[in-house]
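Please look over the sequence and the structure before reading on.

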Amino acid sequence: MKLLNGKISKSFPPLSNKSFFKSNTKDGLITLLCNDRKFKEAIHILCNQNRLPEAVQLLTHIATPSSSLYSTLLHHCLQHRALDQAKLVHSHTKLSGFDPGVFISNRFINLYAKCGSLVDAQKVFDEMPDRDLCSWNTMISGYAKLGKLGDARKLFEEMPHRDNFSWTAMISGYVRHERPDEALELYRMMQKEESSKSSKFTVSSVLAASAAVQSLRMGKEIHGYIMRTGLDSDEVVWSALSDMYGKCGSIEEARRVFDKMVNRDVVTWTAMMGRYFEDGKREEGLALFSVLMRSGVRPNEFTFAGVLNACADHATENPGKQVHGYMTRIGLDPFSYAASALVHMYSKCGNTANAYMVFRGMPSPDLVSWTSLIVGYAQNGQADKALQLFESLLKSGTRPDHVTFVGVLSACTHAGLVDRGLEHFQSIKEKHGLKHTADHYACVVDLLARAGRFEVAENIISEMPMKPGKFLWASLIGGCRIHGNVKLAKRAAEALFVIEPENPATYVTLANIYATAGMWSDVTKVRKKMDESGITKKPGQSWIEIKREMHVFLVGDQSHPRYNEIDHFLSELSKRMKEEGYVPDTKFVLHDVEEEQKEQNLSYHSEKLAVAFGIISTPSGTPIKNAIWELCTYSYELKRSILTEVLVHS
């Protein structure tokens, strides 16, 4: 230490020996300034060159730095979130005897709070002899943003005066940290204060709280306030208002607000489309996307991902392909979230070839992309490719998660690879350090039940660390149906009756198993139990999309305008299949009727009607995709040979 003009300062070596000044033109100027003891000018140059540590070191050579110089250094410390350098500046103010006053103290509080060091911020706040509104607000905001809402509320209650920022900081803190009820309670308190007027930030936060608790009444109340006070000219407010209506289930009102907005950015468009998709209004969401494409606003990766995920959820590939085409024209970023969504969409729609093509174009596929393609292969009868891709995933160094293993186990199930599936099941915990989930147990039980290995399945169930869920019991009863295990089917059914007593699927499956075993009195008992419980089975339905129009079919449905053509096609197909030696499997027909009638019942399943309509409505060679088709492999393969290439995706 040494004295400079009576002030304490740290001692540094002569400036000519400083190693941080390199021999170039700019450093020559800094050296010159330092030699002339113009340290303030040198500090400004170093700050502008982003050489903050060197600028802070030069501070020690100034006996009495000015408030503006400290302010400059703090500005750059905040800009670079340089907490350590800020602490050095703070130490220097104390060593030099500088009186920071309210202004500089507030800058320190703000810097510490934004750097996450609330302990230091609170210390500065406590040491201030005088505080202004900014001091209190900065501390409250800092605590609220970091989730320390108790500390924030304590200061809020203690402060002598409040302004709009004080209320908004506290309300937005509650909203940000998922405490919307307290946010709304505080807003009601704010309304009672005559001097308190809500800003656009206040009402946006309160609208978010209303949306979180789905309080349409409160949301409408705020809407009225917005209109009365002239806040309706702000796009941020309109966006929050539209979001509130959407999340409160009033999507028509959300759209009306959206349509009134003048300057809609891509975030606003994407949010409105997302509301439609979340509400199951796929067509409206896609129509809005078409309007966006003509608006001149450029979609971003989240827009594309939202549309593609909606297409995936409904297995509608054509709109997804159009989005893919547009993404290609504007230059698809292979690293983007949208590229992963594209792989997911094609996989869910059964087009694993296109999914793989997009996947191969990604320089570094993320886990979502790997998993989507693995699951896609597994669900579309390409188990070998699914398992090969899983091995490639492991070689790439990407760590699988529990969803990845659901795909792997599913692939083993569909391929009948029981031992390999069991190996993968064991590896989840032993090799990859993951915990078995209920989904993993359901998958492995499905694998074993389909193969008829019920004893092993029961052992695994008995050793589960969690209570078996409905999917596991449903998988088990499905295997019992295949192999006619009546005893175990009854156990699985009893468990399902407890978990979801009103689900008709359990009753129907159990009755099917009894019917296959010729136990017609037990079939009658199951039906009686359904009647007494008021449980009815809705008719199975399948749907198929042709030229953007959805066609829905029920079992034995004769209402379609082209039913006669469908009926003729199925009759001719049935004849051809019998000529090729195919014998219908009627053992799961739940009626004690003649064999001929059972065959007739099978012929008019909803899925067959849907696919038949798809075949007669599209050019030869068009892939046919419908939802819900259960056919045995032999039947499916035979139809493929007769109809050339018909791709069926369940």
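In which strand is the place of Met550? The model is predicted, and in it Met550 lies in strand E4, which covers residues 549-554. Together with Trp543 and Val552, Met550 makes a nonpolar surface patch of about 240 Å². Met550 has a relative accessibility of 34%, so it counts as partly exposed.

Other nonpolar residues are gathered in cores. The largest nonpolar core has 164 residues, and the members that touch the most others are Ile43, Leu73 and Leu476.

The cysteines come next. A disulfide is a covalent bond between the sulfur atoms of two cysteines. How many disulfides are counted in this model? The count is 0. For Cys47, the closest cysteine sulfur belongs to Cys77 and is 7.7 Å away, which is too far for a bond because a disulfide needs the two sulfur atoms within 2.5 Å.

| Residue | Relative accessible area | Class |
|---|---|---|
| Cys47 | 2% | buried |
| Cys134 | 38% | partly exposed |
| Met550 | 34% | partly exposed |

Cys47 is called buried because its 2% falls under the 20% limit.

Technical notes: Residues are numbered from 1 along each chain as its sequence is written. This is a predicted model: local features need pLDDT of at least 70, side-chain atom pairs count only at pLDDT 80 or more; totals for chains, interfaces and linings use all residues. Side-chain values use heavy atoms; hydrogens and water are left out. A nonpolar core is a set of buried Ala, Val, Leu, Ile, Met, Phe, Trp, Tyr and Cys residues joined through side-chain atoms within 4.5 Å. Buried means under 20% relative accessible area, exposed over 50%, partly exposed in between (1.4 Å probe, protein chains only). Patches are made of residues with over 30% relative accessible area and no salt bridge: like charges are joined within 9 Å, nonpolar side chains (Val, Leu, Ile, Met, Phe, Trp, Tyr) within 5 Å. Accessible areas come from the Shrake-Rupley method with a 1.4 Å probe; for residues, only the protein chains shown count as cover. A salt bridge is a side-chain nitrogen of Lys or Arg within 4 Å of a carboxyl oxygen of Asp or Glu. Helices (H or I, at least four residues) and strands (E, at least two) are DSSP runs, numbered from the N terminus.
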